[in-house]
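Please look over the structure shown here and follow the paragraphs below, which go from one chain to its pieces and then to the pair.

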2 protein chains.
Amino acid sequence: MKERNVKFKGKRMGELIFIGMGLYSEKSMSVEALEIARSVDLIYLERYTSIMPGLNVARLRNLLGRDDIIEVKRSDLEENMYKIISEAQSKKVAILIPGDPFIATTHMAIRVEAEKKGIKTRVIHGVSILTAIPGITGLHAYKFGRVVTVTFPNGGRLSETPYDVTKTNLKCNLHTVLLLDIRVEEGRYMTIKDAISILEELESIRGEGVFSDDRLVIGIARAGSPDCKVRADILCNIKTLDFGPPPHCIVVPASLHFTEAEALVVLAKAPKEIVMRMVVK
Amino acid sequence: MKERNVKFKGKRMGELIFIGMGLYSEKSMSVEALEIARSVDLIYLERYTSIMPGLNVARLRNLLGRDDIIEVKRSDLEENMYKIISEAQSKKVAILIPGDPFIATTHMAIRVEAEKKGIKTRVIHGVSILTAIPGITGLHAYKFGRVVTVTFPNGGRLSETPYDVTKTNLKCNLHTVLLLDIRVEEGRYMTIKDAISILEELESIRGEGVFSDDRLVIGIARAGSPDCKVRADILCNIKTLDFGPPPHCIVVPASLHFTEAEALVVLAKAPKEIVMRMVVK
């Protein structure tokens, strides 16, 4: 019994901490995140689930005052996760993650596995694109439905999920966030223009008017960055615009409250006559 | 023409910056937020839209190195917003806000009014409860439906919106976040226990089984704080638990992916047999 206790105590000395870095640069980290990242025994950096446009690893090293930041690949946190879990049994280990650590579901597996082995885990939440969108667009946070990702065609096959989710949300009078596929390790990221081509192709297959030419959509590039670009207009106009570097996303608004319409005009240069038509009387 | 340009330039010198402070304490602010808050001409602090359990104004003053932080009431940012807007015409003005600045819709009006007057506005996003919930519970972020607030009865009348929203989300197989009413200026905040009483009363009126005794719910207290408490169990068990100080919220899960069920067992002490029944085969 004594031995078990000692063993247990030994295990509890380690810790696995997931740190969300937010949307833009190393300075998007919270003060709390910074203090933890400076003090842990081992620190990993994951940059494959999203793009932080202003993140510079040299500046991050400088800010943390440490040159031992280890960059990990997807395989390090998936197939080979037990290496890091085993390190966290006796050491304080932090993993730096773009945005919020658990908006991409991929990191929950390593957290749950660690907890099952009796390792304490902790989360330092980060700002996520999902939080940022109401502030960028002026759309009310409680009027969003389910979020969905537009993915690159898989062997030529298009997923119809973005079509179905947007259709259901519109029917329930809810706004839809369409996240766009990012494959950092392959150097591919989907632009708003790419995504609209896919959505138009889905429209030509389904023909239910969810992504018709005159559908109001909002294009957002680099949410949370100083050069964030946001434009609201009908689909066929948005697809002609250049939104610049990634990450990009799209919002499909349902009918609007008057204050939402006004915010879209002021913040996203929406054509007044188009958004005013969508206001519920 | 020249005069107009000069006037315009004069106006552009000011700026109105909305700074999200995140969920827990002054250290939940990002490094970027801190740098801006230290450098602006005027700084306001709003503490009525949510509760940050670890926020201490003296420590905040210390962290920002300034003793001129002005605490505002709701009326200062609503009826009397033009005072601050007018200050922002020539000065850099920041408003510190709990969580993310625009998850509560109340602050969008002042932002839009300022922009309409030609004043530059900026948002430093903060961590919000809505971002934090997937990380705390292990539920997948893309499986949440519309969020809703359970409000205190208004003159004895209960809003049925939480019932309708949860019912619709369950029908679409989506999880529901129930935020609980907080009236900081009146010193009232709704606990999980209070909210469940209201939900049970709605159930007795509607009788459609949305909030039956055996409904799986997750109680979350102090999300983003070091002493965050999260428990998943059936409604009639959750209502007997003491979750401690605010803020509280409730999540009603729809059917679960296997990994979600496993995470609820590990992270929220959910009874295994209950969550496993909810796993979609």
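How many helices and how many strands are there in chain A? In this predicted model, chain A holds 12 helices and 12 strands. Taken along the principal axes, the C-alpha atoms of chain A fill a box of roughly 75 × 35 × 35 Å, and of its 281 residues 47% count as buried. If one takes the contacts in chain A between residues at least 6 apart in sequence, 77% of them join residues at least 24 apart.

For the details of the fold we turn to chain B. Here an open sheet of 5 strands is found, with parallel pairing and the order β3-β2-β4-β1-β5 (chain B). Its edge strands are β3 (70-72) and β5 (120-124) of chain B, each of which pairs on one side only. On average, and with direction ignored, neighbouring strands of this sheet are turned by 25° against each other. In general, the strands of a sheet pair through backbone hydrogen bonds, in either a parallel or an antiparallel manner. One pairing within this sheet can be followed residue by residue: strand β1 (residues 15-20) of chain B runs parallel to strand β4 (residues 92-97) of chain B, and 6 bridges join the two. Ile17(B), for its part, stands opposite Ala94(B) in β4(B).

A helix of chain B deserves a look as well. Which residues of helix α8 (residues 161-171) of chain B are buried? They are Pro162(B), Tyr163(B), Val165(B), Thr166(B) and Asn169(B). An α-helix has 3.6 residues a turn, so residues three or four places apart point the same way. Just after α8(B), Asn173(B) takes a positive phi of about 65°.

Two copies of a chain are related by a rotation about an axis and a shift along it.

Terms used:
Residues are numbered from 1 along each chain as its sequence is written. Chains are lettered from A and ligands numbered from 1 in the order in which they are written. This is a predicted model: local features need pLDDT of at least 70, side-chain atom pairs count only at pLDDT 80 or more; totals for chains, interfaces and linings use all residues. A residue is buried if 20 or more other C-beta atoms lie within 10 Å of its own, exposed if 12 or fewer, and partly exposed in between; C-beta atoms are placed from the backbone. Helices (H or I, at least four residues) and strands (E, at least two) are DSSP runs, numbered from the N terminus. Two strands pair if DSSP finds at least two bridges between them. Axes are lines fitted to C-alpha atoms, for helices over the stretch in contact, and angles run from 0 to 180 degrees between N-to-C directions. Two residues are in contact if their C-beta atoms, placed from the backbone, lie within 7 Å.
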